[in-house]
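Please find below a short note for a colleague who is meeting this structure for the first time.

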Amino acid sequence: MSKTHYSILSVISLLVLSACHSLWTAQTQPAPQQESILVLPVTDIPLPNADFAFLFPEEPKLNEQTSPRKNITENFSNREKNDIAVTDPLLMADENSMLIDLSLIQKEDYAFPLPGAKVISPYAGRRKHHSGVDLKTCANDTIISAFDGIVRLAKPYYAYGNVIVVRHYNGLETVYSHNSKNLVKPGDYVKAGQPIALTGRTGRATTEHLHFEVRVNGQHFNPNLVFNLQERKLNDQCLVFTKKGNKIAVKSVELMPHQLAGDYSYSPAARKNKGQIESEKETL
Ligand SMILES: [Zn+2]
């Protein structure tokens, strides 16, 4: 190859290389920056009305407890002012079960109904169908309300003698019977620990004592599930009330369900005292 040919070939090669480079840089150069405006796609298809709240579950509020029985008023019906076992249509109206976490009830919001008392006859127990627990101190001792609430009934009532029924905001009702004197009347607002009656032996009673009942929707259950009757203090368990036909079953569980990953943990005490409501013949 002559020198001239060699030079021409070199020039052609350089031209080709230069053209290739220009082409490559043109393709790889970023496009000039444009002002970025987010344009949402317009669509006629309606978006599904989904609730995505489940993606962000709320922390359970352990220190807050809403009252299971709302809208308690002092406007009781004649039946409510005259009968002890009265169903409450507003209690568990929309649900099959109800929880009362006793551990969340503050010290000032409960009181043992007869301070210093001893149990002289347990719920059910040796005396079949005993609808409450008999607590004894002495004659004319002060009986106090177990929780805040409104007095629903206060009068002499057959074998109960002078009796008080208090409807509580927590969903329960408590009954205080055989009183020598009632200190409150229907419609009265009472605080936990407020004197409501004096111990006596009115009605069917052989000694001065307090016959104390705990009821839910008019049905009595074991007061032992609410109070430790020996230590005279509130239990710190959670009570689960479940509708079973026209009755309500009561169980005591150690923890709130949301505090457990799995199923409820039933305490041995709860298994022993199932707290099943008895509506058959009762004794006082
Ligand atoms: Zn009794």
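Predicted model: local features only at pLDDT ≥ 70, side-chain atom pairs only at ≥ 80, totals over all residues.

1. Residues are numbered from 1 along each chain as its sequence is written, and side-chain values use heavy atoms, with hydrogens and water left out.

2. The protein chain has three helices and 16 strands, these being DSSP runs numbered from the N terminus (helices H or I, at least four residues; strands E, at least two). Of its 284 residues, 39% count as buried, where buried means under 20% relative accessible area, exposed over 50% and partly exposed in between (1.4 Å probe, protein chains only).

3. Among contacts in the protein chain with a separation of 6 or more, 65% are between residues 24 or more positions apart; a contact means heavy atoms within 4.5 Å.

4. An open sheet is formed by three strands in the order β4-β10-β8, with antiparallel pairing, and its edge strands, β4 (142-144) and β8 (181-182), each pair on one side only. Strands pair if DSSP finds at least two bridges between them; two bridges join β8 to β10 (residues 195-198), and K181 stands opposite L198 in β10.

5. A159 lies in the loop between β5 (149-156) and β6 (162-168), and A159 is buried because its relative accessible area is 18%. Leaving aside residues up to four places away in sequence, A159 touches H178, T202, G203, R204 and L284. A159 and T283, 124 residues apart in sequence, are 8.8 Å apart in space, C-alpha to C-alpha.
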